[in-house]
Amino acid sequence: MKKILLMGNPNVGKSVIFSKLTGTSVVSSNYAGTTVEYTKGHMKLNNETIEIIDVPGTYTLNPTNKAEEVAVEMLDEGDLIVNVLDSTNLERNLNLTLQLLERKKPMIIALNFWDETKHKGIKIDVNKMQKYFNVPVIPTAATKGLGLKEIIKNFNYKKIVEHNFGNDDERWSTIGKIIRNVQDIKHKHHSITDVLEDITVKPLTGIPIALIVLALSFMIIRFIGEGLIGHVAEPFFESIYKPIILKLSLLLGSDGFIHNLIIGELINGDIDFGQSFGLLTTGIFIPLAAVLPYIISFYLILGLLEDIGYLPRISVLVDNIMHKVGLHGFSIIPMILGFGCNVPAALAIRNLENRREKFIASTLMATTIPCMSQMAMVIGLLGSYGNKYLIYVFSVLLVVWIIIGSLMNKLIPGFSTDLLLELPSFRIPSIVTVLKKLKMRVVGFLAEALPMVLLGVFIINIFYSLGIFDALSLTIGPFLHRLFGVPSEAIDALIMGFLRKDIAMGVLIPLGLTGKQMLTMSILLVIYFPCIATFVILLRELGVYDMLKATLIMLTSTIVVGGYLNFAFQGDGFKILRLVPVVILFIIIQFIPKIKSKNSVEMNE
Amino acid sequence: MNTCKLSEVHKNNKCKVVNFEGGRCMTNKLSNLGIRVGKELQIINSSFMGGPITVMSGSTKVAIGRNMANRIIVEVNKL
């Protein structure tokens, strides 16, 4: 089978071209490093199946991180390289192009974002460029589908050209020459996008803008999420789905093991989607009615922010804060992704440079970032006690994030590397691309969540009827009760949380918790351990030893935070004086000397 | 000639890279983004409370961490 590689710098639109050619969806965004692993897809051309590979973006063939290593390894496999360039950034892009041309592989060049060159006042002489390199050069605008046919026409291109551009300096001077010959830039006046691009990174304007964007995002996510639940999901489940299930319940005899497994227990002769815990009731209701609406609204907003190119601006603004926890600004992006789901966040951490940063970022993310599946349940359950509890959750998690982060920064030998990040131009997102990406993430969620929640409900029923839950709440439960002030049955939630956090929150519903207990459990379920899906990825990315260390940190945090919450929220209220231990801890951390060991190099490898 | 660290250049000024006081790794990473000796940079945003500085290099905007900017020596163009 013929293999075609899409290669180019980060954020030049390779993934969009890939999606358009193969019909396979991959997540693309307007910032560097969205593709960390290669994706394969197929397309049919004249009865021939062609494999197309979306290679992670790289600036050079001398890799500086793992995603780039993947790119270079792929190089040997391809029959044809489609080198995708950002026409509005020709100079920087040509560095890779020249390196690729030396590899003696058939290659064609796609000048992507061609549509944007016009209003940026950039003129590129395609013919001259073609003559210079002696390979086909095709202007494209992938999101609009321009030039893709031309690319496909050249899929059988086999000519190999021989180039040698010499060492780094010689290569750059060649690039300079080419640029002067083929490109003409008319200086344009500052447009509104230019102004916006600049004020969003300047701290004095950028920080207030970021706060407004975050607050607005949160409000919109909640508005859409609650709207979908209140006006679509719940009405559907209550008035259409429930009568059918009630009939089925009668058919199954309203009681017994099989009935309770499929329908769940009837509460006062009626189905309660939150408490019945049958496969077809709670097992369907939690993923589809309680969580899905929030997944949709979260990923819609995230997708828009990604495609506009806003996220890297946040990286710049938080860079100095991130250095306090041993990271740099770019690590905020995995943290933001983690709010959707910790799994893609754990994968995005691969883009970080050294082992120390990967460890700190993974541990911080897995310990303190609640995923949307859990947050949807938290908002639904804890929100009913009052909005202040939601604010408590986020504040506590933020404080834990800062404390664990600065402790790790002090105690893990090594230092944080410096931020070096290309800031993408703002682009008006294409609605089609945003919706496609949303659809893909929603489908991904359903494929992952639905079976896991059903499995969870199944296990709950089995554990319940075998008396395992009773045994647990009699043995370990009392410790939880004494330590955290939660009922001993809350252990069931912690057990189920290994599987998924949304179902774990669901287990809490029948317990009739007080506001304080629900708050404690909501936070502990975030901190104590990641769900199995995240754990598997982290184990692979960090290795057994580092994962063990991370687990220890999570366990310690669970006990400390849970104990503190039990103390601080006595009597269901919070008094400012109870912040004293936190402040003291914070001051102590400031005085801990930074550990510099001989092995510091090791963690920075 | 008036050379200084990139981190010391004021906002909206232009400067030219004359030297890197860092390892090969840093030089490579910068060069991948087109920032090399002789390259003209325009400062969009200077460092604020230890934060990164933002420069325009050709048509690319790049954010550079404070420590790295301390190790990039530039020559400021007097306007």
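This tour visits aromatic rings, charged side chains and cysteines in a predicted model.

Before starting, note that residues are numbered from 1 along each chain as its sequence is written, that chains are lettered from A and ligands numbered from 1 in the order in which they are written, and that side-chain values use heavy atoms, with hydrogens and water left out. As the model is predicted, local features need pLDDT of at least 70 and side-chain atom pairs count only at pLDDT 80 or more, while totals for chains, interfaces and linings use all residues.

**First stop: a stacked pair**

A pair of aromatic rings is described by the distance of the centres and the angle of the planes. Rings of Phe, Tyr and Trp (its six-membered ring) pair if their centres lie within 6.5 Å; planes under 30 degrees apart count as stacked, over 60 as edge-to-face and the rest as tilted. Over all chains, the structure holds 19 aromatic pairs. Select Phe273(A) and Phe285(A): this pair is stacked, with 5.1 Å centre to centre and 10° between the planes. Phe273(A) lies in the loop between α10 (257-262) and α11 (282-308) of chain A, and Phe285(A) lies in helix α11, so the pair ties together parts that are twelve residues apart in sequence. Helices here are DSSP runs (H or I, at least four residues), numbered from the N terminus.

Phe273(A) is buried at 3%, and Phe285(A) is buried at 12%.

**Second stop: charges over rings**

A charge sits over a ring if NZ of Lys or CZ of Arg is within 6 Å of the ring centre and within 35 degrees of the ring normal. Select Arg313(A), which lies over the face of Phe426(A) at 4.3 Å from the ring centre. Then move to Arg427(A), found over the face of Phe113(A) at 3.6 Å from the ring centre.

Cys371(A) is buried, at 14% relative accessibility. Finally, select Cys531(A), whose sulfur is 6.3 Å from the closest cysteine sulfur, in Cys371(A), again too far for a bond. Cys531(A) is also buried, at 17%.

Technical notes: Helices (H or I, at least four residues) and strands (E, at least two) are DSSP runs, numbered from the N terminus. Buried means under 20% relative accessible area, exposed over 50%, partly exposed in between (1.4 Å probe, protein chains only). A disulfide is a pair of cysteine sulfur atoms within 2.5 Å.
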